[in-house]
Amino acid sequence: MLGLDRITFCPSIMGGQACIRGMRIPVSLLVNLVANGKPAEEILEEYPDLEAEDIRQSLLYAAWLTQERVYPFKIA
């Protein structure tokens, strides 16, 4: 999926939700931190196991999930 090799899903980790590289760090946490204005540098300091690419791919995954798709249809 889009070359997002750092986004993983495992039923035994965080209930199967999207996580970073099999760790117990959900993508939703990173997206929430960025959305609330936390700089990437601070996130990386607070979560030393993370890398900048993890944050980037989290945002790409969130963008992919929220893509709008327009499906034309006829009105009878």
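Q: At what angle do helix α1 and helix α3 pack, and how would you describe that arrangement?
A: Keep in mind that this is a predicted model. Helix α1 covers residues 27-35 and helix α3 covers residues 52-65, with their axes 9 Å apart. The angle between them is about 95°. Angles from 65 to 115 degrees count as roughly perpendicular, so α1 and α3 are roughly perpendicular to each other.

Q: Which residues of α1 make the contact with α3?
A: On the α3 side, the contact uses D54, I55, S58, L59, Y61 and A62. Sorted by type, the residues of this contact are 8 nonpolar, 1 polar and 1 charged. On the α1 side, the contact is made by V27, L30, V31 and V34.

Q: Is S58 buried or exposed?
A: S58 sits in helix α3. Leaving aside neighbours within four places in sequence, S58 is in contact with I7, I20, V27, L30 and V31. Buried means under 20% relative accessible area, and S58 has 0%, so S58 is buried.

Q: Which residues have the most contacts inside the largest nonpolar core?
A: In soluble globular proteins, nonpolar side chains tend to be buried together. Here the largest nonpolar core has 13 residues. α1 and α3 each supply at least two residues of this core, and the largest share, 3 residues, comes from α1. The residues with the most contacts inside the core are I7, I20, L30 and L50.

Q: What does I20 touch, not counting residues up to four places away in sequence?
A: Let's go through the list in two parts. I20 touches several residues, including R6, I7, T8 and I25. Also among them are V27, L30, L50, D54 and S58.

Q: Are the rings of Y61 and W64 stacked or edge-to-face?
A: A search of the whole structure finds 2 aromatic pairs. In the pair made by Y61 and W64, the ring centres are 6.1 Å apart and the planes are at 25°. Planes under 30 degrees apart count as stacked, so the pair is stacked.

Q: How far along helix α3 are Y61 and W64 from each other, and which residues form an aromatic cluster with them?
A: Y61 and W64 are 3 residues apart in helix α3, so about one helical turn separates them. Y61 is buried at 11% relative accessibility, whereas W64 is partly exposed at 29%. The one aromatic cluster that holds Y61 and W64 also includes F9.

Q: What is the distance between the C-alpha atoms of G3 and L60?
A: G3 is in the segment before β1 and is exposed at 57% relative accessibility. Along the chain, G3 and L60 are 57 residues apart. Their C-alpha atoms are separated by 10.0 Å.

Q: Is Q57 buried or exposed?
A: Q57 is found in helix α3. Not counting residues up to four places away in sequence, Q57 touches G3, L4, D5, R6 and I7. Its relative accessibility is 2%, so Q57 counts as buried.

Q: What is the phi value of R21?
A: Most residues other than glycine have a negative phi. M14, in the loop between β1 and β2, has a positive phi near 55° and is not a glycine. R21 lies in the loop between β2 and α1 and is partly exposed at 33% relative accessibility. R21 is not a glycine, yet its phi is positive, at about 45°.

Notes: Residues are numbered from 1 along each chain as its sequence is written. This is a predicted model: local features need pLDDT of at least 70, side-chain atom pairs count only at pLDDT 80 or more; totals for chains, interfaces and linings use all residues. Side-chain values use heavy atoms; hydrogens and water are left out. Axes are lines fitted to C-alpha atoms, for helices over the stretch in contact, and angles run from 0 to 180 degrees between N-to-C directions. Helices (H or I, at least four residues) and strands (E, at least two) are DSSP runs, numbered from the N terminus. Angles under 35 degrees count as roughly parallel, over 145 as roughly antiparallel, 65 to 115 as roughly perpendicular and the rest as oblique. Contact means heavy atoms within 4.5 Å. Ala, Val, Leu, Ile, Met, Phe, Trp, Tyr, Cys and Pro count as nonpolar, Asp, Glu, Lys and Arg as charged, and the others, Gly among them, as polar. Buried means under 20% relative accessible area, exposed over 50%, partly exposed in between (1.4 Å probe, protein chains only). Rings of Phe, Tyr and Trp (its six-membered ring) pair if their centres lie within 6.5 Å; planes under 30 degrees apart count as stacked, over 60 as edge-to-face and the rest as tilted. A nonpolar core is a set of buried Ala, Val, Leu, Ile, Met, Phe, Trp, Tyr and Cys residues joined through side-chain atoms within 4.5 Å.
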